[in-house]
Amino acid sequence: MTTRILAAAGLMLSLSFGATASECEVALEANDMMQFSTKLISVPASCEEVSITLKHTGKSPAQAMGHNVVITDTANVQAVGTDGMAAGLDNNYVKPGDERVYAASKVIGGGETTTLTFKTDKLSAGGDYTFLCTFPGHWAIMQGKFEFK
Ligand code: ZN
């Protein structure tokens, strides 16, 4: 049953027009030095869905040096980061129901990997977006441009 559903989903993906799936999949790394592996994530605006795979290449546990990836408008980075800190680890440092957040992964620790898949229907081509980590104290450094064009 599960296999059949996956096969159907795969067929639907391959039939959709626009960007190829690989262009809509992004690999991102974060480390124990509070750094992302890139300052720029760029995906074509023809991606109806984007997948970001975040790998924590460090050794620190999530409680000490956790990382996530959150997409928001550049103008909202500080507010999302500040509210995220207050939300706590149980909420993956994202305010529950935060409408300024387009997508957010869970918080992971060293050696872990998580994949964030989200629909892009709320994004506009050429919009001013930023990806960031909302772990307390990280957003000011751990951020980069999320280009959707
Ligand atoms: Zn972080």
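1. R100 is partly exposed, at 23% relative accessible area (partly exposed lies between buried, under 20%, and exposed, over 50%, with a 1.4 Å probe and protein chains only). D83, its salt-bridge partner, has closest N and O atoms 2.7 Å from those of R100 (a salt bridge puts a side-chain nitrogen of Lys or Arg within 4 Å of a carboxyl oxygen of Asp or Glu). The pair links distant parts of the chain, 17 residues apart, with D83 in helix α3 (residues 77-87) and R100 in the loop between α3 and β5 (101-104). Helices (H or I, at least four residues) and strands (E, at least two) are DSSP runs numbered from the N terminus. D83 is partly exposed too, at 26%.

2. A word on provenance: this is a predicted model, where local features need pLDDT of at least 70 and side-chain atom pairs 80 or more, while totals for chains, interfaces and linings use all residues. Numbering runs from 1 along each chain as its sequence is written, and side-chain values use heavy atoms, without hydrogens or water.

3. D83 and R100 also belong to a salt-bridge network with K95 and D98. The total is five salt bridges.

4. E49 and K119 form another, at 2.9 Å from N to O. E49 sits in strand β3 and K119 in strand β6, so this bridge ties together parts 70 residues apart in sequence. K119 is exposed at 55%, and E49 partly exposed at 31%.
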